[in-house]
Amino acid sequence: MRLLDGVVRPYAWGSRTAIAALRQKPVPSPHPEAELWFGAHTEGPATVLGPDGESEGNLLDAIDDDPARALGAATTDRFGGRLPFLLKVLAADEPLSLQAHPSAEQAREGFAREEAAGIPIDSPTRNYKDASHKPELIVAISEFDALAGFRDPARTIELLRELQVSELDPYLGLLAGQPDAEGLRAVFTTWLTLPESRLRAVVPAVLSAAVDALNAGSRFGQELRTALELGELYPNDPGVLASLLLNRIHLSPTEGLYLPAGVLHAYLSGTGVEIMANSDNVLRGGLTPKHIDVPELLRVLDFTPVDVDDLRPRVQTVGAERIYLTPAPEFRLSRVELEGTGLHQPSSICFDMPGPQILATLGGTIEARLSGDVPLSVACGRAVWIPDDDPDVVVRASSSRALFFRARVPVDDVAGRASDRQILGR
């Protein structure tokens, strides 16, 4: 069991306050801080800390030194000698790009195709950096907003009719004539491939109509405000139009959103804990200056309309642990809240599930103890790595309140073992 210091990723859309405050650093930070990574990703493995807080290398090297010990036989057999998930804190002050991720089969085929074509792995036009899919789950720790999945076409037709924009009439007619996945595909494809001269006419007309509709008390207030915000940040971008086709989603703290392959989405604002398969495969569709491969994106996208509730993970509560259940074989995420006094919440919890685990503290301080060992104190903004061969670990709150997220490989699914045995203390 080792203490981890996460790696900050300074993307332009990040926050100058959320991650800095979490890590108990000066606020505001000098630069936007978008993500805090706790994992063994090659681009930013977490730092392993010694007893005095000094660096003793990184988690990627620690796993590579002895994958079987670190990951266990079941995880190694299925995923090779690599940690199959990446755990991170994501803090967005501005929208991320409109994007989707491939299925496992699409990723394998696309990676092999680009390798055969000799496209350099670091090329800005490369779509597939690896041969893995990238399902992801985000759990809000602040109010969190996103676009995800194509909305029921009947509702989108109502929205477009309410705007009363003549420039939209051809597309409205197209969707009204075929209010299904194929109609959505046709409209989205047309918008994504509009020449810039046409976008300069359509997008401003839509935004002007959105202002009028909001002033008139539109039933689609969130959707129209989002389009206006995106239009200000990305003038004449087809992603502004595409946002009108998608579900506008708001998450309150503790609520989650699961994004399987093919679901078009964009995180808009807020802070959350995100876990994903350890992959870099992203197909972008707008709201970005980066490369957009329209044919490949269209090959990956699932245009089937989706209800927001279908994107929310099923939640199972076991004592103090709130477990977010998804079909992803690479990860299982849970939220655990403990109370130092034990009056209203348990003060401690015991995990004996095999497989690798990372516990990231996001509130207060926890102590993690292996049988017979000195406890390891894990302050807010840091994490603890628990390899497969460690015995049972007991975690307790060493502050009045402690909140941590637990990431693990669902070894019970891989090896057919039973679920965690948990001992809750008062």
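Which residue lies over the face of Phe351, and at what distance from the ring centre? The residue is Arg406, placed 3.8 Å from the centre of the Phe351 ring. The model discussed in this report is predicted.

**Charges over rings**

**Aromatic pairs**

A pair of aromatic rings is described by two quantities, the distance of the centres and the angle of the planes. The structure contains 7 aromatic pairs. One of them joins Tyr11 and Trp13, with ring centres 5.8 Å apart and planes at 40°, so this pair counts as tilted. An angle under 30 degrees would have made a pair stacked, and one over 60 edge-to-face.

The partners in this pair can also be described by their accessibility. Tyr11 has a relative accessible area of 28% and is therefore partly exposed. Trp13, at 15%, is buried, because the limit for a buried residue is under 20%. Elsewhere in the chain, Phe150, Phe188 and Phe303 together form one aromatic cluster.

**The largest pocket**

Rolling a probe the size of a water molecule over the atoms shows where empty space is left. The largest pocket has a volume of about 1,200 Å³. Its lining consists of 43 residues, and those closest to the pocket centre are Tyr11, Asp280, Val282, Arg284 and Lys290. Tyr11 thus belongs to this central group and is also a member of the tilted pair with Trp13.

Strand E12 gives the most, with 4 residues. By residue class, the lining divides into 18 nonpolar, 10 polar and 15 charged residues.

**Annotated domain**

An unreviewed UniProt entry places the feature "domain: Phosphomannose isomerase type I catalytic" at residues 4-151. Over this range the chain is 25% helix and 26% strand. The C-alpha atoms at the ends of the range are 41 Å apart.

**Helix H1 and Ala20**

Helix H1 covers residues 18-22 and includes Ala20. Is Ala20 buried or exposed? Ala20 is buried, with a relative accessible area of 1%. Between Ala20 and Met276 the separation is 256 residues in sequence, while the C-alpha to C-alpha distance in space is 23 Å.

Notes
Residues are numbered from 1 along each chain as its sequence is written. This is a predicted model: local features need pLDDT of at least 70, side-chain atom pairs count only at pLDDT 80 or more; totals for chains, interfaces and linings use all residues. Side-chain values use heavy atoms; hydrogens and water are left out. Rings of Phe, Tyr and Trp (its six-membered ring) pair if their centres lie within 6.5 Å; planes under 30 degrees apart count as stacked, over 60 as edge-to-face and the rest as tilted. Buried means under 20% relative accessible area, exposed over 50%, partly exposed in between (1.4 Å probe, protein chains only). A charge sits over a ring if NZ of Lys or CZ of Arg is within 6 Å of the ring centre and within 35 degrees of the ring normal. UniProt positions are given in the numbering used here, feature names are shortened, and annotations may be inferred rather than shown by experiment. Helices (H or I, at least four residues) and strands (E, at least two) are DSSP runs, numbered from the N terminus. On a 1 Å grid over the protein atoms alone, a cavity is a set of points where a 1.4 Å probe fits but cannot get out, and a pocket is an open set with protein on both sides within 12 Å along at least five of seven lines; lining residues have an atom within 4 Å of a point. Grid points are joined across faces, edges and corners, and a volume is the space filled by probe spheres set on the points. Ala, Val, Leu, Ile, Met, Phe, Trp, Tyr, Cys and Pro count as nonpolar, Asp, Glu, Lys and Arg as charged, and the others, Gly among them, as polar.
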